[in-house]
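Hi everyone, thanks for coming.

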Amino acid sequence: MVSLSFILCCVLVSSCAYATIVSHDGRAITIDGHRRVLLSGSIHYPRSTTEMWPDLIKKGKEGSLDAIETYVFWNAHEPTRRQYDFSGNLDLIRFLKTIQNEGMYGVLRIGPYVCAEWNYGGFPVWLHNMPGMEFRTTNTAFMNEMQNFTTMIVEMVKKEKLFASQGGPIILAQIENEYGNVIGSYGEAGKAYIQWCANMANSLDVGVPWIMCQQDDAPQPMLNTCNGYYCDNFSPNNPNTPKMWTENWTGWYKNWGGKDPHRTTEDVAFAVARFFQKEGTFQNYYMYHGGTNFDRTAGGPYITTTYDYDAPLDEFGNLNQPKYGHLKQLHDVLHAMEKTLTYGNISTVDFGNLVTATVYQTEEGSSCFIGNVNETSDAKINFQGTSYDVPAWSVSILPDCKTETYNTAKINTQTSVMVKKANEAENEPSTLKWSWRPENIDSVLLKGKGESTMRQLFDQKVVSNDESDYLWYMTTVNLKEQDPVLGKNMSLRINSTAHVLHAFVNGQHIGNYRVENGKFHYVFEQDAKFNPGANVITLLSITVGLPNYGAFFENFSAGITGPVFIIGRNGDETIVKDLSTHKWSYKTGLSGFENQLFSSESPSTWSAPLGSEPVVVDLLGLGKGTAWINGNNIGRYWPAFLSDIDGCSAEYHVPRSFLNSEGDNTLVLFEEIGGNPSLVNFQTIGVGSVCANVYEKNVLELSCNGKPISAIKFASFGNPGGDCGSFEKGTCEASNNAAAILTQECVGKEKCSIDVSEDKFGAAECGALAKRLAVEAIC
């Protein structure tokens with residue numbers, strides 16, 4: 001008994017000894033007694049596949065991140081009340097353990113409202129359909145469901161000992177999300193609700209701090225944090241709270257019909273450096289890898305399948321250079337200054353015209369930032385006896401307060417030019433063979449029979465419970481020959497909030513409508529022929545992602561909420577017949593989905609592209625619909641909406657885990673509005689060439705992402721001009737042949753490092769001009 005008791009005691013002591021203690025003291029987050037400057041990146045597990053997770057997280061670590069941040073998606077995990085799904089790429093625990101295996105920290109944003117441009121903001125639609133339900137306020141039904149889900153997630157994570165207090169990777173947890181942006185709409189109930197959220201989260205005893213983003217009145221001990229493009233001027237609502245930034249937007253999401261968003265590398269780096277110049281502690285990129293909105297997960301309405309977000313890792317997991325490399329260099333500098341930043345006394349020197357220097361001073365040394373917030377004017381200043389040139393809208397970092405080692409506007413990393421290549425496993429990929437099967441809609445068009453019948457027009461969410469994008473509304477109207485509405489000039493008028501609408505009368509398609517310019521509440525009217533006797537009106541309502549943001553967004557209607565009229569015109573007289581309280585039949589979905597035609601074998605088979613580079617399917621020439629690869633839903637497609645937008649592509653991500661590496665693969669398309677699949681083909685995406693324009697006294701690293709560098713197309717050390725793909729020699733040039741040096745050092749290698757200096761390339765008489773090395777290499 002004594003021996004057994006001793007063993008148990010050792011186990012308990014050992015468990016406690018290895019627990020990670022996370023705390024904060026107003027200046028920094030402290031982990032196991034060490035103050036930390038923490039850099040994090042958002043990667044959402046459902047927007048990638050389990051096979052991608054280790055590579056994405058490893059690249060995050062190689063990019064000098066400390067942590068990975070993710071939301072938790074309620075509607076994905078509880079699609080039906082009390083029926084849960086944590087399989088496949090919804091395996092949250094596996095994702096967190098992958099973070100742990102890479103030796104990184106985790107930030108778990110439970111929410112469970114997430115926004116995230118995710119369908120319905122992450123709320124399950126069954127929640128909306130519960131009696132007496134109101135979201136995100138002091139509503140008993142909502143609070144019970146929210147607490148149930150949040151508690152379940154916490155208990156799952158605790159069971160696997162994944163909170164830092166248990167020795168796991170999770171150092172922060174979040175409750176609610178950006179509620180401060182909408183709290184005013186909820187009045188006193190909103191204030192009471194946010195207090196309830198804090199109390200509920202605290203009661204779960206996770207042993208790590210809880211955060212609330214965009215919540216200026218976050219109740220203690222919640223830590224309020226900032227989201228946005230710039231958070232340098234953010235101040236926590238408590239002086240004992242660290243200055244934290246949960247979402248630094250690296251780009252933006254894309255809408256159907258919109259151009260590809262882009263945020264410059266220099267601006268992202270400026271925002272980060274400025275944040276840490278002004279006492280920042282924790283900064284997270286939203287997104288670090290955006291990924292793909294597979295299946296029906298994209299919110300909106302009208303948010304695309306791609307969620308690339310112009311992130312440091314692109315949609316396919318490739319390094320988005322120079323953004324990835326330039327930020328990695330910044331992270332390395334900040335980490336090198338960590339002790340000074342978290343312990344140093346702070347002083348500021350104001351040079352005027354929006355230029356300031358910030359000094360972090362300890363007994364061991366000092367580190368400095370020089371920030372120029374002027375958007376147009378470069379600055380030349382004298383600081384501590386040394387002259388510095390600071391470009392407009394940039395921050396220079398001097399780890400020893402003497403030597404500038406990094407400036408946010410001076411990019412010294414490569415730019416990767418991505419190219420698409422044809423499927424090398426197919427001699428003639430354009431010869432895909434197709435079979436066709438029409439959607440069987442005769443029963444709904446001619447008989448108007450559905451699954452349920454009511455004398456009311458309902459919001460699509462209420463009827464379909466978000467089980468499908470498609471809902472049929474059907475009614476039969478009996479018109480007597482003497483009915484005054486009958487005549488030669490008749491029309492059907494529909495007040496609708498359907499994102500896309502198709503209207504049929506007596507089996508004839510009379511017209512369709514798609515929403516543009518965000519006007520989701522509209523009146524559709526089209527001429528129609530009605531006959532004496534029975535007339536069947538069939539309306540197909542289509543949603544393209546449910547709203548995910550705003551106060552009371554759950555009440556934004558989708559579908560055909562009416563009224564619906566038959567309009568008759570006889571001379572100057574207009575007769576209106578209101579059909580809104582007619583007997584309406586409803587049918588959710590389409591027969592092809594119900595019969596799972598997407599999982600059947602089809603002649604449209606092809607071989608997987610060779611190699612390991614990411615795969616895309618080009619759906620140019622198609623209209624609107626859904627695509628499946630070997631039964632895996634890769635999401636909605638809508639090239640027809642993109643065709644008029646310059647620079648927009650029709651390529652859709654196909655994870656290699658969806659493909660059969662040996663044998664045939666099957667592509668199934670559901671096409672709503674008609675298109676020509678003859679142009680459909682599969683391609684791979686990889687680095688075609690790399691460019692760099694690097695300042696002297698830096699080390700240039702060139703990489704073709706696993707492929708050998710095959711040639712040096714251009715190289716010049718001096719003051720070269722032009723851009724990637726069109727470099728040209730400047731007015732001064734080094735004495736040594738830069739192209740020959742790079743050819744010898746780099747060609748045939750997957751990566752190479754070059755010291756950019758006159759010692760390497762020879763003297764260049766450029767006067768006061770900053771010398772640079774411009775390179776273009778072919779992969």
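This is a predicted model: local features need pLDDT of at least 70, side-chain atom pairs count only at pLDDT 80 or more; totals for chains, interfaces and linings use all residues.

Residues are numbered from 1 along each chain as its sequence is written, and side-chain values use heavy atoms, without hydrogens and water.

On a 1 Å grid over the protein atoms alone, a cavity is a set of points where a 1.4 Å probe fits but cannot get out; a pocket is an open set with protein on both sides within 12 Å along at least five of seven lines, and lining residues have an atom within 4 Å of a point.

The largest pocket holds about 1,300 Å³ of space. It is lined by 42 residues, and Phe294, Asp295, Arg296, Thr297 and Asn633 are the closest to its centre. By type, the lining has 16 nonpolar, 18 polar and eight charged residues.

Now, how many cavities of 30 Å³ or more does a search of the whole structure find? The search finds two. The largest cavity has a volume of about 60 Å³, and its lining includes Arg27, Phe276 and Tyr360. That lining divides into five nonpolar, three polar and three charged residues.

The second largest cavity comes to about 40 Å³. Among the residues lining it are Gln460, Lys461 and Asp466, and its lining has one nonpolar, four polar and two charged residues.

Conventions
Grid points are joined across faces, edges and corners, and a volume is the space filled by probe spheres set on the points. Ala, Val, Leu, Ile, Met, Phe, Trp, Tyr, Cys and Pro count as nonpolar, Asp, Glu, Lys and Arg as charged, and the others, Gly among them, as polar.
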